[in-house]
Amino acid sequence: MKNKSVKIGRNDDCPCGSGKKYKNCCRNEKQEISIRDEYKNRYGVILKTPEQVAGIKRAGDLLMSIMNRVEKMIKPGLKTDDINTFVHEETIKAGGICAPLNYRGFPKSVCVSINEVICHGIPGERVLEDGDIVNVDLTPILDGYYADASRTFFVGTPGADAKKIVAVAAESLKRGMEALTPGATLGDIGHAIQSYAEGCGCSVVREFVGHGVGIDFHEQPQVLHFGKPGKGLPLVPGMVITIEPMINLGKKELHVLEDQWTAVTNDGSLSAQFEQTLLVTQDGYESLTPYEL
């Protein structure tokens, strides 16, 4: 995105998201506005410069290099703490920092969530078993820039329920990504995900959402994985966000365990998640942590 003021036509929709024409809204305050300043001052959203995008992309390259090697590790008998050790050591070796470590007291360098664990699973002595599904969520910091992504893997031979929830979760992310175009809204993303997942008989977790990312771990805006089309903040080039729908095979309700981190489904049903860091461009989007869905 060009780093300059952007002219808004009198009859264009106002970028503040009010739903009014520009001439009847913010034009009354000033003739020309900077989209970058407008989003920062009104919404706390940092639209990224090309230099910042390049930095986030380098962090994303590191993330995917490590994730691809984690995928090869996944097998029955592997301790979740072995995943943590590998991720930590490889991140440090590359000159990076593991953002989750000590973030608000989180004790490990990566989140590893198995079966009914929705997110924020703490690696430890638990051993992967044949038929499990396991989500690995990585957030490295490289040269001050953050990238955030997760994938859900099969352990050994998956059963029918595992195949279904992983497929629905992957397609849910894909549907959300396809809604990323300038002029669309955050509500369009949530609606695309919710309508698909619920149409498959699954449910969408409400308590955990996507977010802005890149300069910090969690930035504005929040990206809900449910919603109504046309509602919420309009998307503009330069926004960098995560979309990370958590999809349950059963009901959406959850609770957090005594460790104050591990979120699990109330009904014990399987949960799966896929996440990517995404840049809104002039004509769509670019994944800064790309992998095939």
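Predicted model: local features only at pLDDT ≥ 70, side-chain atom pairs only at ≥ 80, totals over all residues.
Setting aside the residues within four places of it in sequence, Met239 is in contact with Tyr39, Val45, Leu47, Pro221, Leu233, Pro234, Leu278, Leu279 and Val280. Met239 also belongs to the largest nonpolar core, a group of 63 residues. Which members of that core touch the most other members? They are Ile189, Met239 and Ile243. Helix H4, which covers residues 160-178, gives this core its largest share, namely eight residues. Another core lies apart from it and has 11 residues, including Ile56, Ile141, Val213 and Phe217.

Pro221 sits in strand S10, which runs over residues 219-223. The peptide bond between Gln220 and Pro221 is cis, with an omega of about 5°. As a rule, most peptide bonds are trans.

**A lysine tucked inside**

Now follow the chain to Lys48, in the loop that links helix H1 (35-43) with helix H2 (50-73). Is Lys48 buried or exposed? Its relative accessible area is 2%; since buried means under 20%, Lys48 counts as buried. Not counting residues up to four places away in sequence, Lys48 touches Arg36, Val53, Ile56, Val213, Gly214, Ile215, Glu219, Gly238 and Val240. Two of these, Ile56 and Val213, are also members of the 11-residue core. Lys48 and Val213 are 165 residues apart in sequence, while their C-alpha atoms are 9.9 Å apart in space.

Next come Arg104 and Asp143. Arg104 is found in the loop between strand S1 (97-98) and strand S2 (111-114), and Asp143 in the loop between strand S5 (140-142) and strand S6 (145-146). Here are their backbone angles and accessibilities:

| Residue | Phi | Relative accessibility |
|---|---|---|
| Arg104 | near 50° | 69% |
| Asp143 | near 55° | 60% |

Most residues other than glycine have a negative phi. Arg104 has a positive value without being a glycine, and so does Asp143. Exposed means over 50% relative accessible area, so Arg104, at 69%, counts as exposed. Asp143, at 60%, counts as exposed too.

**Stepping back to the whole protein**

How many helices and strands does the protein have? Its secondary structure comes to five helices and 17 strands. The radius of gyration is 20 Å, close to the 19 Å that the globule rule gives for 293 residues, so the protein is as compact as a globular protein of that length. Along the principal axes, the C-alpha atoms fill a box of roughly 65 × 45 × 35 Å.

Buried residues make up 54% of the 293 residues. Among contacts with a separation of 6 or more, 66% are between residues 24 or more positions apart. The pair Lys48 and Val213 gives you an example of a touch across 165 residues of sequence.

Technical notes
Residues numbered from 1 in each chain as written. Heavy atoms only, no water. Helix = DSSP H or I, 4+ residues; strand = E, 2+ residues; numbered from the N terminus. Rg over C-alpha atoms; globule rule 2.2 N^0.38 Å. Buried < 20%, exposed > 50% of the residue type's maximum accessible area, 1.4 Å probe, protein only. Contact = heavy atoms within 4.5 Å. Core = buried A, V, L, I, M, F, W, Y, C linked by side-chain atoms within 4.5 Å.
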